[in-house]
Amino acid sequence: MQQTLDWIDWTVLIATLATIVGYGTWKTRGSKNVQDYVRGGNSSKWWTIGLSVMATQASAITFLSTTGQAFSDGMGFVQFYFGLPIAMVIICLVFIPLYHRLKVYTAYEFLENRFDLKTRTLTAILFLIQRGLAAGITIFAPAIILSVVLGWNIITLNIIIGVLVIIYTVSGGTKAVTVTQKQQMFVIFAGMIAALVIIINLIPDKVSFTDAIDIAGATGKMQVLDFSFDLNNRYTVWTGFIGGTFLMLSYFGTDQSQVQRYLSGKSMKEMQMGLLFNGLLKVPMQFFILLVGVMVFVFYQFNPSPLNFIDASTQTVLASEYGNDYKILQDKQIELFDTKQRLSLAYAESKNPQLKSELFAIDSIEKTYRLRSKFLIKKAIDPEYANKYESLEKEVKGNAMGLLKKGTFNEKTTELDKLYKDAAKDTETNDRDYMFITFILNHLPKGLIGLLSFFRISLLR
Amino acid sequence: MHNPDQPQPKQKWDKMYTIVLIANALYIVLFYFITASFA
């Protein structure tokens, strides 16, 4: 990444963080009993619960990863949330009245009353393990990015972030987390809306917002709904309704990180309204985040983009024995960019169906370049992978004499293909989570970068 | 704490539930038109 935080960004980042932490500390002063600590004093209004529930589900990686997902695969991910409103209604009808009537502090306390202490202990342990692992990722993911932006050691950053979060949450309890999440959500959405407006402004004047959506549509990015029954496709209307409903029921109904949010409600009605607020807004919110990612994709139709958004990985591969191959690939991408830019402008003006299919073809070629870049990076960082791939490739290519049986040859070809595609799964090759942050650092105005850095830090709880 | 075996009072259907579910259906209809128009 070429740009780091400027002094304006630092000022905005520190001022926003200090204001929100200060506000949280002030609002929770004098909280001394368990009721205040675990159930936030049962004083939360429905909008506080709703925003807190939404902020709890959204981690920093959500904003980085979701936009990255839209950049590479389009809007289809929104289908994953179709079951959420159904789950919210079921929780309002079944779970909340039960928790409220029994006046429990945790979801697991109910299980002790319903079954026994062993059941409660088992579910509580399972939750702690699962949440502990998830918290590790929640802290680690933005730490990777902050380490790039700030140039600090990633382990030091993990410790600093972890300690700060522990101090704040342990000292303030549920209330400290809940009361500040409203402000955090406001800052996050103000930042995301500002980012979208700026992206639209950065697209050439000749290209209107509708034209931009048309360009995204030409490359398949606006395929929001998929009614197919393809089991290999993770995001379809059916997986959203069936899988999404059960997943959201378990998450919002039994995961203490969510249950404690609505148990802090003033009354049962406030708790229910808070969850319904989430049920009403979650789908459009995800749609909006995905749309930001799609608009960044359109922006890169008119502006050069790196072959791989992880700068450190690019430097590694360029310095390796695969450096020349990578440079050739970069040159090909530059050539492709000229065609892509020209075609995109022409399509925006004429909406010619022929140009639409050409744009789709160009995007498919760029996808193959991006996959190859990941493959070269993987080979550069993992010599064992490189050896395995090359020896398998030798076996397959050396079969000109037909020495391998047809079945064995097919198996090896499939294995080789899988190995090639697997290169994209490595944390050092998969640049999906780096796309939006690269865009922010390189193209957004100073000050806004600090604000967007804030939301990456703020969504750690 | 109350006895968990005690039958739970019957919950009434709130009009907000209907609104949330209808809104979800409307979002899907909107997405259908977006897919049909732009994809």
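Q: Which helices are included in what covers the buried residues of H5(A)?
A: This is a predicted model, in which local features need pLDDT of at least 70, side-chain atom pairs count only at pLDDT 80 or more, and totals for chains, interfaces and linings use all residues. Residues are numbered from 1 along each chain as its sequence is written, while chains are lettered from A and ligands numbered from 1 in the order in which they are written. A residue is buried if 20 or more other C-beta atoms, placed from the backbone, lie within 10 Å of its own, exposed if 12 or fewer, and partly exposed in between. The cover of the buried residues of H5(A) includes helix H1 (15–38) of chain B and, from chain A, helix H6 (107–114), helix H10 (237–254), helix H12 (268–302) and H11.

Q: Which residues of H5(A) are buried?
A: Helices here are DSSP runs (H or I, at least four residues; strands are E, at least two), numbered from the N terminus. H5 of chain A covers residues 84–102. Its buried residues are Leu84(A), Pro85(A), Ile86(A), Ala87(A), Met88(A), Val89(A), Ile91(A), Cys92(A), Phe95(A), Ile96(A) and Tyr99(A).

Q: Where does H5(A) bend?
A: The 19 residues of H5(A) reach 25 Å from first C-alpha to last, close to the expected 27 Å. The expected span is 1.5 Å times one less than the number of residues. A bend is the angle between axes fitted to the seven residues ending at a residue and the seven starting there. For H5(A) the bend is about 45°, and its place is Ile91(A).

Q: Phi of Lys351(A) is near what value?
A: Lys351(A) lies in the loop between helix H14 (323–350) and helix H15 (353–381) of chain A. It has 12 C-beta neighbours inside 10 Å and therefore counts as exposed. This residue other than glycine has a positive phi, near 55°.

Q: How many Å apart in space are Asn352(A) and Tyr369(A), C-alpha to C-alpha?
A: Asn352(A) lies in the loop between H14 and H15 of chain A. With 12 C-beta neighbours inside 10 Å, it counts as exposed. Asn352(A) and Tyr369(A) are 17 residues apart in sequence, and from C-alpha to C-alpha the separation is 26 Å.

Q: Are H3(A) and H11(A) roughly parallel or antiparallel to each other?
A: Helix H3 (residues 46–57) and helix H11 (residues 256–263) of chain A have axes that come within 9 Å and cross at roughly 170°. Axes are lines fitted to C-alpha atoms, for helices over the stretch in contact, with angles from 0 to 180 degrees between N-to-C directions. Angles under 35 degrees count as roughly parallel, over 145 as roughly antiparallel, 65 to 115 as roughly perpendicular and the rest as oblique. H3(A) and H11(A) are therefore roughly antiparallel.

Q: Which residues of H11(A) make the contact with H3(A)?
A: Two residues are in contact if their C-beta atoms, placed from the backbone, lie within 7 Å. On H3(A) the contact is made by Ile49(A), Ser52(A), Val53(A) and Thr56(A). On H11(A) it is made by Ser257(A), Gln258(A), Arg261(A) and Tyr262(A).

Q: How many residues of H18(A) are buried?
A: Helix H18 of chain A runs over residues 432–443. Its buried residues include Arg432(A), Tyr434(A) and Thr438(A). H18(A) is largely enclosed by the rest of the structure, because the buried residues among its 12 number 10.

Q: By how many Å are the C-alpha atoms of Phe309(A) and Thr438(A) separated?
A: Phe309(A) is in the loop between H12 and helix H13 (311–318) of chain A, and is buried because 22 other C-beta atoms lie within 10 Å. Leaving out residues up to four places away in sequence, Phe309(A) touches Asp431(A), Tyr434(A), Met435(A) and Thr438(A). Phe309(A) and Thr438(A) are 129 residues apart along the chain, yet their C-alpha atoms are separated by 6.7 Å.

Q: How many residues of chain A are in contact with chain B?
A: Chain B has 1 helix and 0 strands, and 13% of its 39 residues count as buried. On its side, 19 residues take part, and the residues of chain A in contact with them number 26.
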